[in-house]
Amino acid sequence: YKLSVSPEMDIMEYCRKEWRGNTPAAKRMRKGYEAVAQKFASIRRIRGDNYCAFRATLFQILSQGTQLPRWLQSEDFTMLPENLLSKYDWIKLWQLRQKPGKRMGEIRDEIKEYLILLRQKWKNISEIKDPLEKQETCDKLFKNEEEEYSLYEALKFLMLNTAIELYNADKSGKRVPVFSWLLFARDTSSNPCQLMQNHLNHIGHSGGLEQVEMFLLAYALQYTIQVYRLYKHSTDEFITLYPNDPEEDWPVVTLITEDDRHYNIPVRMCQETML
């Protein structure tokens, strides 16, 4: 049993523990943490198992969200697996977690269950008004391994759906965000089928999310993901937004990374920041 999201700890205390030396890297990290500490008082460590970008993003969304996004309320939402599988035969190569070689019908039903679970959890937690109770409910959810990993399967499927939409939009001459070109310019993902087989199927198993996939995640959830990239301190990439041209009405969640591979979360905004 491993904690998915550790209890909060003072951000500078955490930094002093992790970055003691006098190397240039340690100095840069300390400067980075000092900058984050201007805005946030504490940090919570996220369990690192190739799902940490999903875990950090979803935890922040659920613990801060006060309403269910429109796209999650739509009637068609739970029909996604059925609709996509009827159009794209190759989706039957989707790798369900720890269950390779599933048949098409099973994949469709199982992903539908994951999407229903995502909507149900998001709705229940967003309706909790008391901040303490909301936090406790989130903590409890991220201690339930079965449910937690089912939610990540739902996120992966939403990313695939968004990738297909962007790919088709580009092919029919519509404007698409720049990251979409980059996503499909890779040799390993020149179309959504390759993206699924070579990338999405491996997230959580043999790898985490690459930079360009962070954009895709943000687009799929219609959230702006703001990341303090500590090793980029004192460059203009220190605070990176995914996407970098977000819609104005998208809510924002904040993560911290030391290396673009593992993500933790800052909590407790400092009072003066909130004012």
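Strand 2 (residues 40-44) is largely enclosed by the rest of the structure, because 4 of its 5 residues are buried, that is, under 20% relative accessible area with a 1.4 Å probe and protein chains only. Strands here are DSSP runs (E, at least two residues), numbered from the N terminus. The model is predicted, with local features requiring pLDDT of at least 70 and side-chain atom pairs counting only at pLDDT 80 or more, whereas totals for chains, interfaces and linings use all residues. Residues are numbered from 1 along each chain as its sequence is written, and side-chain values use heavy atoms, with hydrogens and water left out.

Strand 2 runs antiparallel to strand 1 (residues 9-10), to which 2 bridges join it; two strands pair if DSSP finds at least two bridges between them. I43 in strand 2 is the bridge partner of M9. Strand 2 also pairs in the antiparallel sense with strand 6 (residues 263-269), over 4 bridges, and S42 stands opposite V267 of strand 6.

These pairings belong to an open sheet of 6 strands in the order 1-2-6-5-3-4, with mixed pairing. Strand 1 and strand 4 stand at the edges with a single partner strand each, so one side of each is left without a neighbour in the sheet. Parallel pairing is found between strand 3 (residues 224-229) and strand 5, over 6 bridges, where I225 has V253 of strand 5 as its bridge partner.

The loop between strand 4 (239-242) and strand 5 (252-257) contains E247. With 44% relative accessibility, E247 counts as partly exposed, a class lying between the buried limit of 20% and the exposed limit of 50%.
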